[in-house]
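Dear colleague,

I am handing over the structure below, and after it you will find what came out of a first pass. Please read the notes alongside the coordinates.

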Amino acid sequence: MSETRSQVLIVEDEAQIRHFVRLALEADGCVVQEAGRLADGLLIAGAGAIDLVVLDLGLPDGDGIDFIRAYRGWSDGPVLILSARTEERHKIDALDAGADDYLTKPFGVGELRARVRALMRRRQRAGGEVSPLLEFGDIVVDLAKRQVWRKGEAVHLTPIEYRLLAMMVSHPGQVLTQRRLLAEIWGASYIESSHYLRVYVGHLRQKLEDDPAQPRHFLTETGVGYRFQTGT
């Protein structure tokens, strides 16, 4: 019996980029549909089971942010932004609207495929609740018991450190914006207090990374937020 192939929708007005992305994703076994306009993309997304959307922000009949907001009305499937907009505020706006990742044009085919694979793994895990027992490197996190071990030894985390860790490991591969993390961990009145976040991410790196100066798991997305990665 063959595996179910991932259904991907590309919403991009530049035909050459659509073709480039299509070839890259088909090489990974995806079934790809295309749309050159926001309205057409929403029609396709609403008509069938789409596993992932690859979305440009600058569309001829609207902004990709509007697509995300509409799509989030019925689907929590991953959305990967491909955009020539490089300013941090555009990335933050897209991620806060509900996008899962952001890749700036021009981009390489290898990174595109890797990001798509990471988002699809996250979607597969999301078929049920996040596993209460998570392992990465030499770390074990038991979300049910609120306990963390490193190389078999218990790691003491403060309540805030644990809440930050639990939120990040529950969204592997996903960019979490500073505003979202601050609102979830400290409360809405702290969304401009990014220094709190830097300090506590630093604490997690000190306690859980082999080399806190060169982290492998708790990664910075400069000016945007942070991403948790399980692998190297």
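Domain bounds here come from an automatic or database domain assignment, and on that basis the protein chain is divided into domain 1 (7–127) and domain 2 (133–228). This is a predicted model, in which local features need pLDDT of at least 70 and side-chain atom pairs count only at pLDDT 80 or more, whereas totals for chains, interfaces and linings use all residues. Residues are numbered from 1 along each chain as its sequence is written, and side-chain values use heavy atoms, with hydrogens and water left out.

**Between the domains**

The centres of domain 1 and domain 2, taken over C-alpha atoms, are separated by 26 Å. To their contact (heavy atoms within 4.5 Å), domain 1 contributes 11 residues and domain 2 contributes nine residues. The two domains bury about 990 Å² between them, 48% of it on carbon and sulfur atoms, where buried area is the accessible area (1.4 Å probe) that two parts lose on being put together, summed over both.

Across this interface the rule finds three salt bridges, a salt bridge being a side-chain nitrogen of Lys or Arg within 4 Å of a carboxyl oxygen of Asp or Glu. On the domain 1 side, α4 (88–97) and α5 (109–125) each supply at least two residues that touch domain 2, and α4 gives the most, with six residues; helices (H or I, at least four residues) and strands (E, at least two) are DSSP runs, numbered from the N terminus.

**Individual salt bridges**

The side chain of R179 meets that of D96 at 2.4 Å, N to O, and that of D93 at 3.9 Å, N to O. Because R179 lies in helix α7 (residues 178–185) and D93 in helix α4, the latter pair ties together parts that are 86 residues apart in sequence. R179 is partly exposed at 33% relative accessibility, as is D93 at 37%, with buried meaning under 20% relative accessible area, exposed over 50%, and partly exposed in between (1.4 Å probe, protein chains only).

A further salt bridge joins the side chains of R115 and D101 (2.9 Å, N to O), linking helix α5 to strand β7 (residues 101–104) across 14 residues. Both partners are buried, R115 with a relative accessible area of 17% and D101 at 2% relative accessibility. Salt bridges that share partners join D101, E111, R115, E221 and R227 into one network.

By this rule the count comes to 22 salt bridges.

Best regards
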